[in-house]
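Hello,

Here is the structure I promised to pass on. My notes on it follow below.

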Amino acid sequence: MALSDEPAAGGPEEEAEDETLAFGAALEAFGESAETRALLGRLREVHGGGAEREVALERFREWMMNLLLDIVQDQTSPASLVHLAFKFLYIITKVRGYKTFLRLFPHEVADVEPVLDLVTIQNPKDHEAWETRYMLLLWLSVTCLIPFDFSRLDGNLLTQPGQARMSIMDRILQIAESYLIVSDKARDAAAVLVSRFITRPDVKQSKMAEFLDWSLCNLARSSFQTMQGVITMDGTLQALAQIFKHGKREDCLPYAATVLRCLDGCRLPESNQTLLRKLGVKLVQRLGLTFLKPKVAAWRYQRGCRSLAANLQLLTQGQSEQKPLILTEDDDEDDDVPEGVERVIEQLLVGLKDKDTVVRWSAAKGIGRMAGRLPRALADDVVGSVLDCFSFQETDKAWHGGCLALAELGRRGLLLPSRLVDVVAVILKALTYDEKRGACSVGTNVRDAACYVCWAFARAYEPQELKPFVTAISSALVIAAVFDRDINCRRAASAAFQENVGRQGTFPHGIDILTTADYFAVGNRSNCFLVISVFIAGFPEYTQPMIDHLVTMKISHWDGLPEAAVHDTESRSSHEAWVDSRLRRSCLRLVQTCSPREQLYDRQLYRGLGGQLMRQAVCVLIEKLSLSKMPFRGDTVIDGWQWLINDTLRHLHLISSHSRQQMKDAAVSALAALCSEYYMKEPGEADPAIQEELITQYLAELRNPEEMTRCGFSLALGALPGFLLKGRLQQVLTGLRAVTHTSPEDVSFAESRRDGLKAIARICQTVGVKAGAPDEAVCGENVSQIYCALLGCMDDYTTDSRGDVGTWVRKAAMTSLMDLTLLLARSQPELIEAHTCERIMCCVAQQASEKIDRFRAHAASVFLTLLHFDSPPIPHVPHRGELEKLFPRSDVASVNWSAPSQAFPRITQLLGLPTYRYHVLLGLVVSLGGLTESTIRHSTQSLFEYMKGIQSDPQALGSFSGTLLQIFEDNLLNERVSVPLLKTLDHVLTHGCFDIFTTEEDHPFAVKLLALCKKEIKNSKDIQKLLSGIAVFCEMVQFPGDVRRQALLQLCLLLCHRFPLIRKTTASQVYETLLTYSDVVGADVLDEVVTVLSDTAWDAELAVVREQRNRLCDLLGVPRPQLVPQPGAC
C-alpha cells in the first residue's frame, strides 16, 4: 500500500494495522533481551576445547539442576511441565555422565518418600516419559544412601482398612525389580538403584539373598534367543555386576560361586548379542575379584614416579628415580587360590578372542585386575596364556585381545621384565599384522593395539629394562608410523614413538624424527611414503629396517602400495646399504624370472589387466638394475629387456587410459638407463650394430598409424643417450619433425605432436651445442629447422571431444622453445636470430593473453623467464627496455597469472608496443569472446581501459583499428577467432570506442569492417555467428553514409532469414538500435518503422514476413532484396 493511501476509519485495513503495531510493540518488549545478551557475551568463554567446556559446565550445572528440580518439587506443576523438566535434566546428565550429577540431587531423609511416590505413579509403558522414569530412579538411588535404617521410616505409615501394609524397603525393591525388565533406558538406572539399595547394611541382611535368588531364577528362565529374554538378561546382569562391584567382599563371597555356576549355565559366549557378552565378562571378572583378597601384589614391577614432571624434577636436582622393587618371594605365596578363580580366568581368556572389541576390552581389563591379586607364579601363568593368543592359527580377534591384555598387564606393573623378551617378539609381529580376507584385509585393530602396548611400556618400565629392545621397537614404530595403510595406525604409532622419546629418552634421533613425523604429518599417506620416509631413511639406524620392510611387505602387497617409496628410500640410503651381497643375490634371482620369452611371456603374465602391472613393474626393475650397474653386459637377458620395452611402447594403445602415462614413463626411463649402461662400447662410442638397429626401428615406428605408438617411440628417441645419437642426429630430428607436423590424416594426433616436441627439446639438451657438427649437436646448420618445427606447433588449436587438445601441443612447444633458447644463450647466443627471437616472444605473448587460465600462467612464466634471463641476456628481444619497465623483476613472484583479474590488466599493456600488438590483441579477442564469466569481464575491462587511454591519439587509434581489421581478414571463416572477434567488435562499438570515426562519412575502417562482416556471415548456418553479426550490423548504423545503408540492407536481409530465431532477434535488435540512434531514420517514419518491427510475427511464414520486410525497406530507404533463382530451378 502506498504511503499516501489512507483507508477508511474502522475498515479492515485499520484493524490489521493495529494488530501489526501491537505485535511490533510485543516484539520490542522482548523481556529476555538482557539475559540473551549476557549469554551471547559469554559464548567465547563457554566455547573452546573439551576441558574448557567441562569447567564451564561445572560452574553452571548446580543452579541449572536446582531450577529444574524446583519445578519438579512444586506440587502445582502440571505433569507435562514435570516431564519437560526431567527431559532437560537428562540432557544435562548426558553431557558429563550421571555419576557426576548424582550428588546434586536432594538426598535428605525427607526426600525418600516423595521421590518414591513419584516413581510409583509412573507408567512404565509410557514411551514419551522415559526420561522422567530414568531420572527418578537415579534420584531414588541417591536417597538410598541415607545413613538411617529404612525401618524407621515405616512407623508413621498408616494402613488403610483391608489393605496390607508394605514397607519402604519392599516398595523400593519391588520398583527396582519391575524396572530391571523394561525395554527403555530406565533399566540402566534400575541397576544403579539395586546396587546402592541391596548393599545397604540394613537391606543386605534381609533382601540380598532374596534378590540374588530372584535374579538367578530370571537368568535361568530367560533365553537370549528372544527379545524379551535379552532385555531381562541385560537388566539382571547389569544389576549383578553393579552389586559385586560396590558390595563388600565378605557380603558377596558366600553367593559368588552360585552366581558363577548360574552364569556358566547361561552360555553367554554363544549369544549373538554383544551387550550380553560384555556384561557376562564384566560380571565374571567381578566374581573373580570377589574370590580373591583385595590386595596389591608385592611382586609387581614399580617404576617409581609415574608423573613425567616429577621425574624431570628429580633429574634436575641430581637425584635418581626410585629403583624398581621386585620381590623374589611372595608374602602370600602359600595362600590357597579359590577354585572358582581358574574358571574365571578361563572365561576371561575366551573373552579376549570375542568377535566384538568392547567384549575383548572388558576381558583385557579383567585379566589385568585379576592378575594384580594373584601370586607371582599364577600371574606368570596368566601371562603365558595371554601369549598363546599370538599364534598364526588364531584369528585377528585373538591378536587384538592379546595386545589389549598385555597393555593392561604392563600398565599395572604385572608384566615382569623377565617376560619382555617373549612379549616384545610378539608385539613386533603385531605391529605388521595384515591378512587379506576376500577383497579387503584385517589387522588394523591389531596394529593399533600393538601401538598402545608400546605406549604403555614407555610409561611402565625403566629405560635400562627396555634398552635391549630399543632398536627393534623404535624401527617397528617408525615403520608403522610411515608405511602403515591405515591413518589411525600411523597416528597411533607416532603417538607411541613420541611417548617413548619423552619417557625413555633412548630412541635414536627421536626429537628429529618427531618434528617431521608428528601426529598431523603422518595423516597423509603420500606424504609419509614419499617425503617423511626419505627423511627418516637418512638416519642409519632406520635405513636397513625400512628397506627390508618395503621389500618383504609392501612391494608385493595386494593393495598396490606405492613402490615409489622404495626408490626414494634407496636414493637417501647409501648405495652399499642397498646393493649389499644379500640383495645382489636376490636381484640376480629376480633377473632369471624376468626374461620375457622364457618365463613371464610364456606364462602370459604380460596380458590383460594384470599384465599392465607386470609390465610396469618389470620396467621399473630394469631401470633399477641398470642404475645399479648389474653385470649383464653382453648377456642375452638384455635382449629380453629390450624386447619388453619395445613391445610395451608398441602396444600402448591397448593400455587403459588411466595408467597409460605411467606405463609410458616407466618404459622410457627403463630404456634410458638400459642404453646408458649396456650399449656403450667405449666411453662416448656406441655399438654400431645396436645403434643402427635401434635408430632405424624407432624411426620406422614414428610412422605407425597408432597415435600412442608414435608417442611412445618419440619419447624413446628423446631419452636415448648422446653416444647413440652421435652421427644420426639429423635423421632423428627429421623423423621427429615429421611427427610434429599436422597433416589431414593425423590432425587429431595432438598427443603424438606433444611428445614429439618434448623429444626434440630433450635431444637438444642431451647433445648440447657445437659449431659445425649438424649430425652430433645443435649448430647453425640445424637450429633454424628445429625452431621452425617448434614455432609451427604454436598455432595448433586442434579440438576434439576432449576439448582444446591443442593446448597440450602449445604448452610443450613453449617449454621446448624456452629450453632451446636458454641453451643457445648460454653457449652460442649468436645462433639466435632477430626474427626468430621476435616470433618466439610474440607467440608466447599471444598465449599469455588467451582464455585458459593454467596455460596462460605457463605462457607468462615462459615469457618472463626469457625476458629476465641474464646469464647472458637473450639477444634481440623486441622492446626489452619497455618490457622490463612493464614487468619488473620485483613483481614477477607476486602476480598470479592464472587469475584473470591480475593477468589481463598487465598483458594489455603490450598493446602499446607495435611488435606485440597483433598477437596480444589476437589472444585478447579469443578471451573476450569466451565462455568463462571472469575471463570475459576482466579481459573486457582491460581492453576498454587501454582504448580509453588512446582516444585522444588518432594515430594510435588508427593503428589499433588497422590491427583489428587485419586480424579479422587473416582469420576470415576461422570459427575459433571470427565468432569471438564479432563479439569483441560488438563490445567496442557499443561502448563508443570508435566514436571518433563516426564523424566522417564512409570512414575506411567502417567500410572494410562492413565488407569483412558480410563475407563472414554469408551462407552461414552457425547461429552464434549470425547472432554476433546482427549485433555488429546494428552498431554499424551509427556510421553515416553508404555504410549505414549497407548495414540496414544486411539487417533487412536477415529479417527474412530461414531461421525464425534469427528473424526475431534481428527485429528486436533493430528496434532497440533505432530507438538508441534516433537520427538513423527520419522522424516522420520512425513511429511506423517501430510499429512494424514490434507488431509483426517474425517467426511466421516467410511469405508473410517478406511483405512486412519489404515495407520496412521502403520506409528505411534501402532497396528491396530480390530473390535469386536457385541453380537448376525451372
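Residues 24 or more positions apart make up 70% of the chain's contacts with a separation of 6 or more. This is a predicted model. The chain runs to 1130 residues, and 50% of them count as buried. It has 55 helices and 4 strands. Its accessible surface is about 53,500 Å². Carbon and sulfur atoms hold 54% of that surface.

Confidence comes next. Mean pLDDT for the chain is 83. A score of at least 70 is reached by 85% of the residues. Where pLDDT is low, the predicted coordinates should not be read in detail.

Now the backbone. Most peptide bonds are trans, and most residues other than glycine have a negative phi.

- Ser871 and Pro872 are joined by a cis peptide bond, with omega about -5°. Pro872 sits in the loop between helix H42 (853-868) and helix H43 (880-886).
- Arg267 has a positive phi, near 50°. Its loop links helix H13 (249-266) and helix H14 (274-291). At 48% relative accessibility, Arg267 is partly exposed.
- Lys629 also has a positive phi, near 55°. Lys629 lies in the loop between helix H31 (608-627) and helix H32 (637-650). Its relative accessible area is 57%, so Lys629 counts as exposed.

Best wishes

Technical notes
Residues are numbered from 1 along each chain as its sequence is written. This is a predicted model: local features need pLDDT of at least 70, side-chain atom pairs count only at pLDDT 80 or more; totals for chains, interfaces and linings use all residues. Side-chain values use heavy atoms; hydrogens and water are left out. pLDDT is the predictor's confidence in each residue, from 0 to 100. Helices (H or I, at least four residues) and strands (E, at least two) are DSSP runs, numbered from the N terminus. Buried means under 20% relative accessible area, exposed over 50%, partly exposed in between (1.4 Å probe, protein chains only). Contact means heavy atoms within 4.5 Å. Accessible areas come from the Shrake-Rupley method with a 1.4 Å probe; for residues, only the protein chains shown count as cover.
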